[in-house]
Amino acid sequence: MSPVNRPRRLRLTPAIRRLVRETTLQPDDFIYPLFVRHGENRRIPIDSMPGQAQLTIDLLAEEAREISRLGIQAVILFGIPAQKDAIGSDNFSDDGIIPSAIRAIKAAAPDLLVISDMCFCEYTDHGHCGIVNSPEHDRYNPRLPAGYLLNDATLEMLGRASVVHACAGADIIAPSGMLDGMVGAIRAALDGEGFAHTAIMSYAAKAASVFYGPFRDAAESPPGFGDRAQYQIDSANRREAQREIALDIKQGADMLLIKPALPSLDIIRDARESCNLPLAAYQVSGEYAMLHAAANMGWLGLQGAALESLISIKRAGADMIISYFAKDAANWLERA
Ligand code: PBG
């Protein structure tokens with residue numbers, strides 16, 4: 001046995017392991033997702049996401065203060081509107097669910113960053129991420145298949161809704177629909193209305209993943225027909241993810257987001273090595289649900305499994321993680 005090949009020397013005690021630890025987690029690594037709905041004083045639990053709930057706007061002030069107190073710097077918002085329609089108009093209405101939620105959070109916790117998930121699937125009655133080609137409305141294009149997600153018509157609406165959210169106080173707009181040109185269109189719309197200071201965190205590489213299943217219950221946004229494979233990336237494709245990332249950088253993204261997280265560690269690593277933008281990963285609803293399900297069966301310890309997943313995501317290259325475990329992790333880390 002060679003005297004030099006003994007890496008176990010550095011694992012001997014907790015102190016030395018801590019000294020040589022390469023990756024650490026802190027509360028300010030996390031972004032906490034919130035599901036917001038109309039009504040009063042209601043916290044409606046989401047069955048497939050234990051511990052998570054839809055909150056009414058009046059409960060957001062206290063929630064925002066608690067999140068801030070834990071040392072978490074940002075929330076990302078998802079809205080359940082009172083009414084859905086073909087073009088998702090709640091998303092660009094001043095008194096829509098998200099603009100109202102943004103104002104409530106900013107009034108209660110002005111320093112907490114508010115990220116607005118910019119997509120139409122929660123607001124359209126068909127559940128797709130924008131305007132769908134249909135003979136029933138004036139955007140109909142007979143050359144394209146019925147049911148096709150109209151790209152450029154949707155870009156206009158994304159720009160319009162982003163300005164409304166920025167006006168309400170959103171610090172960061174996070175387009176998540178995987179439409180071609182969405183970052184450039186939103187940047188132009190924001191700049192045109194005096195919001196050059198509002199940042200864009202682009203869902204640059206978002207796979208068409210089954211791991212979003214529980215979220216679609218939570219946000220009441222499953223597609224009414226078909227799936228999202230025409231706009232989200234095939235999870236088999238690593239090079240295509242890099243192409244999407246390069247396009248979003250070119251269009252002016254300030255930060256990049258990759259999702260899902262654990263199934264995309266190679267994509268996260270590629271992104272980290274190919275650019276210098278801050279990089280976020282989204283540990284999605286299905287990743288959260290899986291860990292809870294196994295813990296519930298007594299098959300895994302929740303805290304250990306959650307923290308190991310989170311540290312692996314960070315080790316792969318993420319600077320920050322959107323996670324339903326954000327508050328739990330901040331509490332666990334405080335006690336560690
Ligand atoms: C789209 C959006 C989705 C998620 C975040 N933004 C759903 C989808 O693309 O179907 C999923 C997040 C999760 O699963 O936790 N608005």
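Start by selecting N41, which sits in the loop between β1 (30-37) and β2 (43-45); helices (H or I, at least four residues) and strands (E, at least two) are DSSP runs, numbered from the N terminus. The phi angle of N41 is near 50 degrees, a positive value in a residue other than glycine.

Before moving on, a word about what is on your screen. This is a predicted model, where local features need pLDDT of at least 70 and side-chain atom pairs count only at pLDDT 80 or more, while totals for chains, interfaces and linings use all residues. Residues are numbered from 1 along each chain as its sequence is written, and side-chain values use heavy atoms, with hydrogens and water left out.

Now zoom out to the whole chain. You will find eleven helices and ten strands. Along the principal axes, the C-alpha atoms fill a box of roughly 75 × 45 × 45 Å. The radius of gyration is 20 Å, which agrees with the value near 20 Å for a compact globule of 336 residues; the radius is taken over C-alpha atoms, and the globule rule is 2.2 Å times the number of residues to the power 0.38.

Next, select the ligand and the 19 residues around it, of which K206, R216, K259, S285 and Y324 come nearest. Being near here means having a heavy atom within 4 Å. This shell divides into ten nonpolar, three polar and six charged residues. Both β7 (199-206) and α6 (213-218) supply at least two residues of the shell.

Turn to D117, with a polar side-chain atom 3.1 Å from a ligand nitrogen atom, and then to K259, with one 3.4 Å from a nitrogen atom of the ligand. These are polar contacts, meaning pairs of N or O atoms within 3.5 Å. The protein covers 100% of the 410 Å² of accessible area that the ligand has on its own, by the Shrake-Rupley method with a 1.4 Å probe.

Stay on K259 for the last stop: a cis peptide bond joins K259 and P260, with omega about -5 degrees. P260 is in the loop between β8 (255-259) and α8 (265-274).

How values were computed. Polar contact = N/O pair within 3.5 Å; in protein donor to acceptor, adjacent residues only side chain to side chain. Nonpolar A, V, L, I, M, F, W, Y, C, P; charged D, E, K, R; others polar.
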